[in-house]
Amino acid sequence: MSRVYNFSAGPATLPEEVLKKAADQMLEYGDSGQSVMEMSHRSKEYQAIIDETEARLRKVMNIPDNYKVLFLQGGASSQFAMIPLNLMNKTGKADFVITGQWANKAYQEACKLCGEENCNVVASSKDKTFSYIPKLDSSKFNPTADYFHICQNNTIYGTKWAELPNTGNVPLVADLSSCILSEPVDVSKYGMIYAGAQKNMGPAGLTVVIIREDLIGNAKEGTPTMFDYETHAKNGSMYNTPPTYGIYILDLVLEWVENKGGLEAMKEINEKKASIIYNFLDGSKMFNATVQGEDRSLMNVPFVTGNADLDAKFVAEAKANGFINIKGHRSVGGMRASIYNAMPIEGVEKLVQFMAKFESENQ
């Protein structure tokens, strides 16, 4: 069997060690006589798995005791609705910075549920196709907002917040779907972190929410039971059947991160991988990175040739040479290399070698 280098933005490549361990345990987990896929979520065997996963996530991310960890479903997209339903409950107002498609969807969903007049756009980078993180004017912040929302890493456009906004007493709510576990974060700076798992944490189907306890229990009247954070916090993410296998894989991924040296080590590796690609792009006469300076993502690297036909040729030849899912998002075109934790340095080095070869052959 020959595995390709999968540069997909998600579902993304997983560590081979994790896949092999999951394969070894597929028919029987421990001495349970069954696969994790078959386990009742009410069994003592599965309770031990979810408890271990939460404990390991708390350790790896250094999550303070006054934050709840919730294992949910519905992707980050469901959070776009759950956040305003649960958090826009005091002044009924919130601040947003629009740095891409997902940040905009979070804003639009809040507008739909709570009224556009209550959703304040502090800044946007739409004017340059979301190719930068806008500088913020704090005078445009609403000091009485119920929360301040950002998308910390923008998967489609390849931008990342180099520095978090200072929101004072207003809880910062951040979508970390495409950068969680890639480097250390100070969880205490956030009111809430949420992330779809299918990029750096495991397979699609699991969504992780890390939320400060004081933000739970004040959902708007009429909020559906399943969309109330309190429902899941009170029931240990077991109100209904959680994404059991995704949680199990997350535990294996977290174990792999620990064995690599934790989030400090992941950051060092990810910075090395990103510098290999960006250094090549900055010296290339054919390929150009679409993001410059400190706003560059460590996880998603979009680039173009400036010629749509040449882009298409590159994508096709890359696939033929074992570099798959490198086509850019349909909304922006070009190419994008997503280099999440599980992408080995070797994969990035070989991609750059292929890019150099392609450039020399297509001058």
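## Cavities and aromatic packing

The second largest cavity has a volume of about 40 Å³. The model is predicted: local features need pLDDT of at least 70, side-chain atom pairs need 80 or more, and totals for chains, interfaces and linings use all residues. Residues are numbered from 1 along each chain as its sequence is written, and side-chain values use heavy atoms, without hydrogens or water.

A cavity is a set of points on a 1 Å grid where a 1.4 Å probe fits but cannot get out; lining residues have an atom within 4 Å of a point. The whole structure holds 2 cavities of 30 Å³ or more.

Gln79, Phe80, Ile83, Pro84, Phe96, Ala106, Tyr147, His149 and Tyr194 line the second largest cavity. H3 has the largest share, 4 residues. The largest cavity also has a volume of about 40 Å³. Its lining includes Thr13, Lys199, Trp256 and Asn341.

Aromatic pairs (centres within 6.5 Å; stacked under 30 degrees, edge-to-face over 60, tilted otherwise) number 18. Two of them share Phe287.

| Pair | Centre distance | Plane angle | Type | Sequence separation |
|---|---|---|---|---|
| Phe287, Phe314 | 5.1 Å | 65 degrees | edge-to-face | 27 residues |
| Phe287, Phe358 | 6.2 Å | 40 degrees | tilted | 71 residues |

Phe287 lies in the loop between H7 and S11, and Phe358 in helix H9 (residues 345–361). Phe314 belongs to helix H8 (residues 308–320).

Note on methods. On a 1 Å grid over the protein atoms alone, a cavity is a set of points where a 1.4 Å probe fits but cannot get out, and a pocket is an open set with protein on both sides within 12 Å along at least five of seven lines; lining residues have an atom within 4 Å of a point. Grid points are joined across faces, edges and corners, and a volume is the space filled by probe spheres set on the points. Helices (H or I, at least four residues) and strands (E, at least two) are DSSP runs, numbered from the N terminus. Rings of Phe, Tyr and Trp (its six-membered ring) pair if their centres lie within 6.5 Å; planes under 30 degrees apart count as stacked, over 60 as edge-to-face and the rest as tilted.
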